[in-house]
Amino acid sequence: MKDKQIMPISLEKYGITNAITHWNLSPEKLTQICVDKGLGEIASSGALAVNTGEFTGRSPQDRFIVKDEISKDQVWWDGKINLPFDAEKFDKLYAKVTDYLSGKELYVREAIACADDRFKMNLRVITEIPWSNLFAYNMFIRPTEEQLANFEPEWTVIQAPSFLADAAIDGTRQHNFAILNFTKKIILIGGTGYTGEIKKGIFSALNFILPVYKETLPMHCSANVGENGETAIFFGLSGTGKTTLSADPQRKLIGDDEHGWTKDNTIFNFEGGCYAKAINLSKENEPDIFNAIKPGALLENVIFKKGTNEVDFDNVSITQNTRVSYPIFHINNIKTPSLAKNPKNIFFLTADAFGVLPPISKLTPGQAAYHFISGYTAKVAGTEAGITEPVPSFSACFGAPFMPLHPTKYAEMLSAKMKEAGVNVWLINTGWTGGPYGVGSRIKLKYTRAMINAALSGIIDKVNYDKYHIHSIFGLHQPREIPGIPSEVLHSRKTWNDDEAYYKKAHALADAFRNNFKQFEEFASEEIMAGAPPIP
């Protein structure tokens, strides 16, 4: 790629003066700048490896939304996720950040969100660090030269990792922050070098704009499409296999993380790249992702094997949240443009560390809405400080930190679209079987892929017509038979050696579901409430 300079354009309209600006530099140039400045190293794969500093993940408690005329009556101000920020304090903090950036060497990227031209959002990303700009190149849709010629940004992201807020004066919780301003269409990020804040800021904005103004459902999901034109959608939190399972050599990848579902049943990617977890990555288990790590890719917080520049993907000494970003064209089998119609199957992915949920089950519409709002997975020992055994983790709509509206708003839209399109919904446990984490084992990836393929082909419904087993505690419809899968694998209880221990864990997890859902009950319909685990 050639560097696509737009000159001269001043950043003075943003309050940034006397800056040395680099516009739309190529991945090669940005990578070289990082190496020359000692900001990163080249891995044996040719990818750039960097350390994001203090923050190696998002900081949900430090993500705010300016409370103003646009947001005050629309946003769900829950006090945990959608935290209000005073408009006047935003203006003062913005002035401090832009003053801090004035006179510095900055990197500017023109980019686009949303692959469906009807929803296209032009972006300008201004970053203090060159590899943050490489991340923006990888993750957003890259404009053509014709589009750049008359480019007018609708939203602007300003990222200043070295700027530290004064919480007592600036209104933040601590020195880092990510603030969305829907009136000024600005995302202001400071005090953190974690690049995920850039993409999730835009995702959060779209999660407000699309349902409120465009009658389109935003989804934290991956998606792919088969040769028959049928689209599959994969919801799931980090570590559940969303990126891995959607990268299927027999199907074309639409995208791995953020999508919209339109009125006319088009599924479109918000992004132009992928941001995959790199922990325990191997060519054998995840060849598409592994092979995408090449020049132009950005590795975050990984460790090289001693005395080499070869990445040790099993090393988590910096963080369990090691990551790699790469443009979607690093994957061979992709859908171009990144959109498709005819959604037919939805998969909710959960890594159940308690080992009690079936590896696959079919959901009723009520159960689908209930599990969508719940957004369950589990944290295992070592993922966070103080966690020594599995802990249930619920994130509404499989993406609560990015959802400005009340979760039931998204669930109602999803339910309506599922019914209209006649979509099958499946709950997939990519977690443990034969016992909880530390006792049982992780469900084999080859089994999970086989189950998903059987659902996509319709084989499950054919061989299990009127044969589904109803789970006694969760009320889920478990297939009794899937060709090529041992029958005991399909029934989580049968993989345990101790029935009493299994039911004790299962009841405890069902209680956790019900307790978590109490916060949504007053907004949920009877159909949704009927999807809850039955009270014994």
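Trainee: Is Cys-114 buried or exposed?

Mentor: Cys-114 is buried, at a relative accessible area of 2%. Buried stands for under 20% relative accessible area, exposed for over 50%, and partly exposed for what lies in between, with a 1.4 Å probe and protein chains only. This is a predicted model, where local features need pLDDT of at least 70, side-chain atom pairs count only at pLDDT 80 or more, and totals for chains, interfaces and linings use all residues. Residues are numbered from 1 along each chain as its sequence is written, and side-chain values use heavy atoms, with hydrogens and water left out.

Trainee: Where is the place of Cys-114?

Mentor: In the loop between β6 (105-113) and β7 (121-127). Helices (H or I, at least four residues) and strands (E, at least two) are DSSP runs, numbered from the N terminus. Cys-114 is not a glycine, yet has a positive phi of about 85°.

Trainee: And Lys-185, what about its phi?

Mentor: Positive, about 55°, and Lys-185 is not a glycine either. Lys-185 sits in the loop between β9 (177-181) and β10 (186-190). Lys-185 counts as partly exposed, at 32% relative accessibility.

Trainee: Switching to helices. How do the axes of α9 and α14 cross?

Mentor: At roughly 80°, with the axes of α9 (residues 365-374) and α14 (residues 499-517) coming within 10 Å. That makes α9 roughly perpendicular to α14. Axes here are lines fitted to C-alpha atoms, for helices over the stretch in contact, and angles run from 0 to 180 degrees between N-to-C directions. Under 35 degrees counts as roughly parallel, over 145 as roughly antiparallel, 65 to 115 as roughly perpendicular, and the rest as oblique.

Trainee: Which residues make the contact?

Mentor: Tyr-370, His-371, Ile-373 and Ser-374 from α9, and Phe-513, Arg-514, Asn-516 and Phe-517 from α14. Contact means heavy atoms within 4.5 Å.

Trainee: Which residues of α14 are buried?

Mentor: Among them are Tyr-502, Ala-506 and Leu-509, and also Phe-513 and Phe-517. The cover over the buried residues of α14 includes α9, β22 (376-379), β23 (391-394) and α15 (526-529).

Trainee: What caps the N-terminal end of α14?

Mentor: Asp-498 does, with a side-chain oxygen 3.0 Å from the backbone nitrogen of Glu-500.

Trainee: Now α6. How many of its residues are buried?

Mentor: 16 of the 18, so α6 is largely enclosed by the rest of the structure. Helix α6 (residues 196-213) reaches 25 Å from its first C-alpha to its last, close to the 26 Å expected. The expected span is 1.5 Å times one less than the number of residues. Just after α6, Glu-215 takes a positive phi of about 55°.

Trainee: What does Ser-59 touch?

Mentor: Arg-173, Gln-174, Asn-176 and Glu-197, not counting residues up to four places away in sequence. Ser-59 lies in the loop between β3 (48-50) and β4 (63-66), and is buried at a relative accessible area of 10%. Its side chain also makes a polar contact with the side chain of Asp-62, at 2.4 Å. A polar contact is a pair of N or O atoms within 3.5 Å; within protein, one must be able to donate a hydrogen and the other to accept it, and residues adjacent in sequence count only if both atoms are side-chain atoms.

Trainee: Last one. Which residues does the cis peptide bond join?

Mentor: Thr-336 and Pro-337, with omega about -5°. Pro-337 is in the loop between β18 (323-327) and β19 (339-341).
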